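Welcome to this guided tour! Open your viewer, get ready to select a few residues, and follow along stop by stop.

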Amino acid sequence: MEYEATIGIEIHCQMKTVTKMFSGAPCTYGRKANTAVNEIDLGMPGTLPCLNMEAVRKAIMACTGLHLTIDPLVKFDRKNYYYSDLPKGFQITQQFHPIGKNGYVVIDTGEGPRKIRINRIHMEEDTAKQFHLKTKTLLDFNRSGTPLIEIVSEPDMHNGQEAEAYVEALRRTLYYLGVSDCRMEEGSMRCDVNISIAPKGSGKLGVKNEIKNMNSISNIGKAVDYEINRQKTVLENGGEIFQETRRFDEKTGTTVMMRRKEGTVDYKYFPEPNIFPIRLDPEWIKDIQDNMPELPEVREERYSREYGLSAHDISILIANKEISDFFEKVMEYSDNAKGVCNWLLGDVSGWLNRHEMSIENCVLLPENLAKLVKMVDDGRINGKQAKELVDDLMEGKDPEGAAKERGMEQVSDEGALRAMVVSVLDANPQAIEDFKAGKDRAVGFLVGQVMKASRGKANPGVVNTLIKEELKNR
Amino acid sequence: MIKELREDRGNVEKNVRGAYEEAQRLQEKLNAVVTFADIDTQLKELPEDGLMRGVPIALKDNVSTKGLRTTAESNILWNYVPVFNAHIVDKLKAAGAVVIAKTNMDELAMGGTNLSAYSGPTHNPYDLARMTGGSSGGSAALVAAGVVPMAIGSDTGDSVRKPAAFCGIVGVKPTYGRISRYGILPYASSLDHVGYFTRSIEDACIALQVLAGRDDRDMTSSFREVPDYSAELNSDMHGKKIAVLGNVVRNLKNPQTIAAFNHVMDELKARGAQVDVYDFDEDLMKAILPAYYLIANCEATSNHSNLDGIRFGNVQKGETMEELMKNTRTNGFGPLIKKRFVIGSYGLFEENQERLFRKAQKVRRKIVDAMKDCLKEYDAVMAPASDNPAPYLDDNSADELSANYLIVENYMAMGNFSGYPSMTVPMGFADDLPLGLNMTCRPFEETTMFDFGKAIEEITGSKDMKAEVE
C-alpha cells in the first residue's frame, strides 16, 4: 500500500535580547551556571513579571517577516505544571491570544516553490536547563526566563526534504531579521516534528509521533525520513502506531522512543493576572515594520535585478548572511558580481573553513577582494597566480603589492610582448610551417614558448592574439 | 502618632527600643510576632530625614525582607530567608521607619481568623480569648495594643479591614495599583492589595504618602501622581453623598452594631452629608463569597506552585525530583491550604473552567459594574464591617449559608473585586469590644476616603485609641 506522510513542526526560538522576557537578568549562553539569574528567574515568592518590550518588538518582526497577522492587544496566560526546571510552577505564555496568526513561508521543493502555512507565533519564557547525572540532577537557571517565540506550522509537509526546507526558510528569515541567532546546536532554535502516515488518498490522519532532539537542520530530514519508513514498516507488518515522543539518535540515524503519551495533560491555562492586556500603539508597530532589516527573499530578488546572478548562486550566497553582507561591501568596489561571488563561495570560504574562521572576524578587506578580481579580469595576473595570492589576501594584504612581492605581475604591454613573440617565431620556423599546414595546435606550442621566455609573467590572452597577428605576416 | 514620633528626634532609640521591648513583653499573650528584627543595625543606618524617621513599625510575615526570615506562617517556608526586599520595605526604610518585627498571619494569608497560622493564632488585645480576625492578625494586634503606630498587612478579601474592625483600629486597603505588590508573597494576584493599620486617620495619610507610587517591577502599579494626603485632609461633610449598603444593614442582627452605625450616620447627616440607603441586587451580593472563593483559590493554587522545595524552603527528601516536590508540599502545607488548592485546581480544569473560574469572573464584573453605578452618584458606600465584634477563638457557629454570613460577613471582597479604595474605621463598642465601619470610594480617591474617616474619627473620638493588655 502507498502511504502519505503528514508533517507539522513546532519551533521554539530564543529571541536575541539583552535581558530576559520578564526580568532584568541578562540573556547569556555558555556562562557559568546560575550566574545570570535574579529572584524572578528563580521564581522566588513575591516576584512579579515585567514584560520586556524589546522581545515584543522582535516577535513583531518575526510575525511580519513570516506574513502573520499581528494582534495589537498583547495578552499572556499561565500554563500550569510541576517540573523541576520550571521555577514558578507555571510558564507565562500566550495560549489564548498569540501575537501572530495565519502566516506562511515559501520553500523550494523538487516541484518548485510551495507555501507552507504557519498557524501561529506566540511569545513565552524558556525553562532552566537540567543535567541528569547518575545520582543527582543539576539545574542551571541561566536559561530560565529567556524570551522565546514558538512557531507552529500547519501540517503542510510530506517528507524529510520539505521539513528541512521549512526549517531552513524560517531560520533564514529569523536570522536575517536579527530576531534570533538560530543556533540549533546551542539550543537557541529547537524543533519538535510531528509525523503521522496514512494510506495515500484516504483523507485520514494516522496516529502522530513527535520527534525531539535534532541539533541540526540536516538531521531533521534524516529523522523525518527514518520515522516515515519506521511507521510504514510497522503498519505493513500489521502493527499499530502509538502516540509517542521520540528522539533522534544522531549516531545510528534512527528515532528512539522516549515516552508514550497517554491522554492529554491539562495545563489549566488561565489569563496571567500580573500583566494587564497591553494595547500596542499602531504607530509603534508600523515603525518596527518600516525599519526592519532586509528580508532574504527581497535580497534574492535584488541580487537577480542588480547583479544578474543566477538563482543557484544567489541561493548559496544568501544562505550565509555574513558572506552575503560581505559580498555587498565588495560590490561597492567592483562591477564583476559573478567574479566576486565565485571568489567568496570558492577560495575565500575554503580558506575560512580551513582556518575555522568566519567572514566577520577575519581581516580580509572588501576593496582588496575587488582589486584581486579586477587584476584577473584585466589580465594582469592569471587565475592560477590569483589562487596563490589567497593567503596574502586573507591576511589583509593588498593583492597588488603581494603580486609584485611575489614577482607575478603579468606583462600585458603589447610592445614588450610583441618583441618577445617575434623572437620566439624567429627561433621556431618548424612551428610556423606546421601552422600554415593547418595544424592549429602549433599556436599553443608558440604561446607556451613565449610564456616560458617571460618566466610566466606574460599575459597569455595578449600573447595568443599577438602570435596570430604575427603568423599572418609570415 | 507618626508625626509626634518623627519630631521626637532626641528619643529615636528609646522609642524604637521601647516598642521592641513592648512587643516582646506581649508576645506570650498576643502571639503577634513570628520573627523579631535586628533594630540595632537599622538604627545605625537611619536616614537623616523622612516622613517616618524613627517610627517603629511591623510587617506582616508575607512581606519579603532581605536577610530576615519570611515564613508567611507556613511550614513550607519556615526557614525561608529572602534575598531581596519587597518594594515597600525599601520605601519604608528610606522614609526612616524601623521594622521591629514580622507578624503573625493566616497561613499564606488564606483565612479570615488568623487561626491557621503555623505558630498558632494571634490573640485579640481587647480580649485574649477572642480572635483578631485575619489574615493580617498579628499586625492588627500590635497596632491595637499601641506597640507600633503603623503595621503593614495585605488584603485579598478583607484581610486588613476585618481585623481592623475586630481590633478597633484603622485598616486601609488603597486602590489596586496604588502600592506596589513586588515582594509581597501572593495569595491571589488579581485581588491582592498591600494594606496597613494605624490608630488615626492622620497616620493613615502619612503612611500612604510613604507607601504609594509607581514601581516598574509591578506592571499593575499605577503611574498616577501621589497626592499630599495629609495636606488635603478635610473633614467637612457638606455636600458629601453616602450610600448605606442596604443589603448589609438589613441583614444585621446585633442591636449594638445597628445602634453604633446609625449613630455615626446621624452625626454625618448633622455635619451636612446626604445619607441614603442604596440596594444592590441581593442575589449578586450572595454571589460575592462563592465568586471570591473560586477566583482566589484558582489563582492561589497557581501562585504557590513555586513552593516545591527545589530552590528554597523546607525541603523534604525524595528519590526523584517529583517525589521531592510531592513530599515537600505534603509536609509543608496545612490542611486548609490543601483544601483550597484542590478547589482551585478543580476550578481551573479545562472541563470545569468555563462554568466555575470564568463564571466567577463574570460575576465579579457584574458586581464591579454595580459598584461603578452606585459610586457615580455617591462619594462612598458604607456599612458595618461585621455584625458582631471579634468571635472567640473556638467559635465555629457561623451558618455559612445564611444571608447574614454570606453578605454581612463577606461583602468587603467587593473592594478587592473592583480594586476600589476601601477602609475600616472604629465606630463604637459592643460589650466593650470594638466595632468597625467599612467604606469604599471611587478608584484613587483615597483623599475622599480619608475625609470621611476623619469625620467619623471626630464623631467617635477613636483617635489613637488603644487596648490595654493586662
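How many salt bridges does the structure hold over all chains? The count is 66, and we will visit several of them below. Keep in mind that this is a predicted model. The predictor gives the complex an ipTM of 0.96 and a pTM of 0.91. For chain B, the mean pLDDT is 97, and 100% of the residues reach 70 or more.

**Stop 1: chain A as a whole**

You can look for 16 helices and 16 strands. Now colour the domains: domain 1 covers 3-282, domain 2 covers 294-405 and domain 3 covers 414-473. Between the C-alpha centres of domain 2 of chain A and domain 3 of chain A there is a separation of 34 Å.

Along the principal axes, the C-alpha atoms of chain A fill a box of roughly 95 × 55 × 50 Å. The radius of gyration of chain A is 30 Å, whereas a compact globule of 474 residues would have one near 23 Å. Of the 474 residues in chain A, 50% are buried. If you consider contacts in chain A between residues at least 6 apart in sequence, 69% of them join residues at least 24 apart.

**Stop 2: a buried pair in chain A**

Select Glu272(A) and Arg78(A) and show their side chains. They meet in a salt bridge, at 2.8 Å from N to O. Glu272(A) sits in the loop between strand E15 (270-271) and strand E16 (278-279), while Arg78(A) belongs to strand E4 (residues 77-80), so this pair links distant parts of the chain, 194 residues apart. Are these two residues buried or exposed? Both Glu272(A) and Arg78(A) are buried.

**Stop 3: a strand and a helix**

Now select Arg246(A) and Glu227(A). Here is another salt bridge, with the closest N and O atoms 3.4 Å apart. Because Arg246(A) lies in strand E13 (residues 244-249) and Glu227(A) in helix H3 (residues 217-236), the pair ties together parts that are 19 residues apart in sequence. Why does Arg246(A) count as buried? Its relative accessible area is 7%, and buried means under 20%. Glu227(A) is buried too, with a relative accessible area of 0%.

**Stop 4: a partly exposed pair and a network**

Move on to Glu400(A) and Arg380(A). Their salt bridge has its closest N and O atoms 3.5 Å apart. Glu400(A) is in helix H12, and Arg380(A) is in the loop between helix H9 (366-377) and helix H10 (383-388), 20 residues apart. Glu400(A) is partly exposed, at 26% relative accessibility, and Arg380(A) is partly exposed as well, at 25%.

While you are in chain A, select Glu294(A), Arg299(A), Arg302(A), Glu306(A), Lys321(A), Asp325(A) and Glu328(A) together. Salt bridges that share partners join these residues into one network.

**Stop 5: Ser412(A)**

Where is Ser412(A) found? Look in the loop between helix H12 (399-405) and helix H13 (414-427) of chain A. Ser412(A) is partly exposed, with 27% relative accessibility. Leaving aside neighbours within four places in sequence, Ser412(A) is in contact with Gly379(A), Leu417(A), Asn459(A) and Val462(A). For a sense of scale, draw a line to Pro26(A): the two C-alpha atoms are separated by 60 Å, and the residues are 386 apart along the chain.

**Stop 6: Ser422(B)**

Switch to chain B and select Ser422(B), which lies in strand E12 (residues 422-430). Ser422(B) counts as buried because its relative accessibility is 0%. Not counting residues up to four places away in sequence, Ser422(B) touches several residues, including Arg161(B), Gly171(B), Asn438(B) and Met449(B). Arg217(B) is 205 residues away in sequence from Ser422(B) and 24 Å away in space, C-alpha to C-alpha.

**Stop 7: a charge without a salt bridge**

Finally, select Asp451(B) in helix H17 (residues 446-460) of chain B. Which side chain of opposite charge is nearest to Asp451(B)? That is Lys240(B), 4.2 Å away. Asp451(B) is buried yet has no salt bridge. Show the surroundings too: beyond residues up to four places away in sequence, Asp451(B) touches Glu232(B), Leu233(B), Asn234(B), Ser235(B), Met237(B) and Lys240(B).

Methods:
Residues are numbered from 1 along each chain as its sequence is written. Chains are lettered from A and ligands numbered from 1 in the order in which they are written. This is a predicted model: local features need pLDDT of at least 70, side-chain atom pairs count only at pLDDT 80 or more; totals for chains, interfaces and linings use all residues. Side-chain values use heavy atoms; hydrogens and water are left out. pLDDT is the predictor's confidence in each residue, from 0 to 100. Domain bounds come from an automatic or database domain assignment. Helices (H or I, at least four residues) and strands (E, at least two) are DSSP runs, numbered from the N terminus. Buried means under 20% relative accessible area, exposed over 50%, partly exposed in between (1.4 Å probe, protein chains only). Lys and Arg count as positive and Asp and Glu as negative; His and the chain ends are not counted. A salt bridge is a side-chain nitrogen of Lys or Arg within 4 Å of a carboxyl oxygen of Asp or Glu. Contact means heavy atoms within 4.5 Å. The radius of gyration is taken over C-alpha atoms; the globule rule is 2.2 Å times the number of residues to the power 0.38.
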